[in-house]
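Subject: Handing over a model, with notes

Dear colleague,

Please find the structure below, together with the sequence. My notes on what was found in it follow directly after.

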Amino acid sequence: MARLAHRFGGAEPRRQALSYLVGLLSPLASKNGWTLAEAAGDGTPDRMQRLLNRSAGDADAVRDYLFAYVAERLARDDRVVRFRTGSTTVEVAIEENTPTTRDFPSMLPMTLPFEECGGRKKVTTLSRRVDYDGATGMTLENADPFSYMPWGNLGFFYRADGLGHSDDLVRTGTTDDLHLDGQNVRIGAAG
């Protein structure tokens with residue numbers, strides 16, 4: 001992937017890669033070098049051919065590169081929540097589409113004090129309860145933010161080992177690392 005990204009480095013080759021993908025997904029009657037080039041606004045198919053020649057023999061890598069490029073460009077910032085305290089910023093991806101994950105971002109931005117709880121997690125009280133309609137619980141993992149349905153609070157485990165599944169918790173996002181050392185945490189959309 002790094003080798004392919006290096007080949008496609010720079011704005012022009014990336015623009016061509018995206019134009020190629022858009023052309024392939026378009027309703028063109030015929031999809032060849034000329035029609036794809038014309039759809040991209042080029043007078044000749046030379047740029048498209050150079051793009052494809054650079055990637056000769058590695059069609060899977062080209063597909064993966066184009067997918068990653070488009071996914072990055074089309075990512076919705078409102079599906080990423082930032083937790084900030086002091087100089088620490090952690091981004092949490094909201095991947096699931098549930099009433100809870102739609103409702104939680106609607107409450108942002110907010111600044112809340114997180115408190116230590118039981119030597120395993122940090123929690124805070126939300127200004128209101130989020131929508132738990134259809135929530136099915138979650139398997140506890142370190143860092144992933146959750147809401148505790150009986151109390152309506154928000155938290156994250158930093159020591160979830162041995163805890164398993166809980167029907168009372170609902171995941172509000174995913175992250176690899178949620179080390180927030182300050183008490184007051186600013187929570188907001190990444191846009």
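Let me start with leucine 178, which touches Phe83, Val90, Val92, Ala143, Pro145 and Phe156 when residues up to four places away in sequence are not counted; a contact here means heavy atoms within 4.5 Å. By nonpolar core I mean a set of buried Ala, Val, Leu, Ile, Met, Phe, Trp, Tyr and Cys residues joined through side-chain atoms within 4.5 Å, where buried stands for under 20% relative accessible area, exposed for over 50% and partly exposed for what lies in between, with a 1.4 Å probe and protein chains only.

Before going further, some words on the basis of all this. This is a predicted model, in which local features need pLDDT of at least 70 and side-chain atom pairs count only at pLDDT 80 or more, while totals for chains, interfaces and linings use all residues. Residues are numbered from 1 along each chain as its sequence is written, and side-chain values use heavy atoms, with hydrogens and water left out. The mean pLDDT (the predictor's confidence in each residue, from 0 to 100) is 79 for the protein, and 80% of its residues reach 70 or more. Over residues 1-6 pLDDT stays under 50, and the model has eight contacts beyond four places in sequence for that stretch. Where pLDDT is low, the predicted coordinates should not be read in detail.

As for the overall make-up, the protein has six helices and eleven strands, taken as DSSP runs numbered from the N terminus (H or I with at least four residues for helices, E with at least two for strands). Of its 191 residues, 40% count as buried.

S1 and S2 are antiparallel over six bridges, and they form a hairpin with two residues between them, where glycine 86 in the turn has a positive phi of about 55°. Threonine 85 has threonine 88 in S2 as its bridge partner. S1 is also joined to S11 by four bridges, again running antiparallel, and there phenylalanine 83 has isoleucine 187 as its bridge partner. Four antiparallel bridges likewise join S3 to S11, with leucine 112 standing opposite valine 185.

Helix H6 (residues 99-106) is largely enclosed by the rest of the structure, because six of its eight residues are buried, namely Pro99, Thr100, Thr101, Asp103, Phe104 and Pro105. These buried residues pack against strands S1 (80-85), S3 (110-113), S8 (153-157), S10 (169-171) and S11 (184-189).

Finally, an open sheet of five strands has the order S4-S5-S8-S7-S10 with antiparallel pairing. Its edge strands, S4 (115-117) and S10, each pair on one side only. Strand S7 (residues 145-148) meets S10 over three antiparallel bridges, and tyrosine 148 stands opposite leucine 169 in S10.

With best regards

Technical notes
Pairing = 2+ DSSP bridges.
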